[in-house]
Amino acid sequence: MAISPAPARPLPLIRLSALVVTVPIVALAITWTYLGMRAVMDIGGACASGGPYVPVQPCPAGPDVLISVGIPLLLLATFAASAAAWTLGAPTLILPMWVALFGSLGWNFLTYAFAFEDGIVVGWLVCGIVFELMALPALVLIIVSDAVHLPGAVAGTAHAPRWRWWVFYAVASAAGLWLGLWTFRAWT
C-alpha cells in the first residue's frame, strides 16, 4: 500500500495579510531614512532646530520627523513581517532589511565623500566603508541561507518556492519605495 503525502495546508490569510502590509512599510521606512539623511547631508551633515542652543545650520523642514519616525517604524515592521514570514515558511526580512538599510546609508556616505570640489571628505568615506562592511555579512548570509535552505519554518505550513517569496518581497518593496518617495516629497 502506497503512502500518499499529506496535502499542503493553505497559507493562513491573516499572516499573509500581515506580510502584504508590513513589507511595503519596511521599504517606506528605509526610503524615509535614506532621503532624510541625504537632506541633512545636503546642508553639510549637521543641523539643529530649537532647544537651548542657537543652531548654526537649521534642519530642513520635514526630514527630521521622517527619520525620527522611520527608524522605529522600520524595526517594528521588520520584526512583525519576519514573524509572519517565519510562520509561513518564507524568508524573514531581518537580513534583507539590514542589507538595505546599511547599504543605502553607506551609499549616501560614499556619494557625499566624493561630491565636493575640495577633494575627498575622509570622515564620510570612512563611514561609507564601515556601513558597507556592516551590510556585507548579512548579504552573504542571505545568499548562503538561500543556497542551503536553512530550516526554521513552523511545521505544517505550506511552503511556496523561495523564489516566489523573493518576487513578492521585491514587488511589495517597490510599492513601499514609491510610497516613501511620494510621502517624502509631499512632506518636505
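Thr22 counts as buried, because its relative accessibility is 10% and the cut-off for buried is under 20%. This residue is found in helix H1, which covers residues 13–42, and, leaving aside residues up to four places away in sequence, Thr22 touches Ala77, Ala80 and Ala81. The model is predicted, with a mean pLDDT of 85 for the chain and 82% of its residues at 70 or more.

**Confidence along the chain**

- Among the elements of the chain, helix H3 (residues 94–113) has the highest mean pLDDT, at 95, whereas helix H4 (residues 122–148) has the lowest, at 89.
- Over residues 148–157 the pLDDT is below 50, although this stretch has 13 contacts in the model beyond near neighbours in sequence.
- Where pLDDT is low, the predicted coordinates should not be read in detail.

**Helix H1 against helix H3**

- The axes of H1 and H3 lie 10 Å apart, and the two helices pack at an angle of about 15°; they are therefore roughly parallel to each other, since angles under 35 degrees count as such.
- H1 passes H3 in a right-handed crossing.
- On the H1 side, the residues in this contact are Val26, Ile30, Thr33, Tyr34, Met37, Arg38, Met41 and Asp42, and on the H3 side they are Met97, Ala100, Leu101, Ser104, Leu105, Trp107, Asn108, Phe109, Thr111 and Tyr112.
- Sorted by class, the contact of H1 with H3 has 12 nonpolar, 4 polar and 2 charged residues.

**Helix H2 against helix H5**

- Helix H2 (residues 63–88) packs with helix H5 (residues 162–187) at an angle of about 165°, and their axes are 14 Å apart.
- That angle makes H2 roughly antiparallel to H5, because the class takes in angles over 145 degrees.
- The crossing in which H2 passes H5 is right-handed.
- From H2, the residues Pro63, Val65, Leu66, Ala85 and Leu88 meet Trp165, Tyr169, Phe184 and Trp187 of H5.
- The contact of H2 with H5 comprises 9 nonpolar residues, with no polar and no charged ones.

Terms used: Residues are numbered from 1 along each chain as its sequence is written. This is a predicted model: local features need pLDDT of at least 70, side-chain atom pairs count only at pLDDT 80 or more; totals for chains, interfaces and linings use all residues. Side-chain values use heavy atoms; hydrogens and water are left out. Axes are lines fitted to C-alpha atoms, for helices over the stretch in contact, and angles run from 0 to 180 degrees between N-to-C directions. Helices (H or I, at least four residues) and strands (E, at least two) are DSSP runs, numbered from the N terminus. Angles under 35 degrees count as roughly parallel, over 145 as roughly antiparallel, 65 to 115 as roughly perpendicular and the rest as oblique. A crossing is left-handed if the near helix is turned anticlockwise from the far one by less than a right angle, and right-handed if clockwise. Contact means heavy atoms within 4.5 Å. Ala, Val, Leu, Ile, Met, Phe, Trp, Tyr, Cys and Pro count as nonpolar, Asp, Glu, Lys and Arg as charged, and the others, Gly among them, as polar. pLDDT is the predictor's confidence in each residue, from 0 to 100. Buried means under 20% relative accessible area, exposed over 50%, partly exposed in between (1.4 Å probe, protein chains only).
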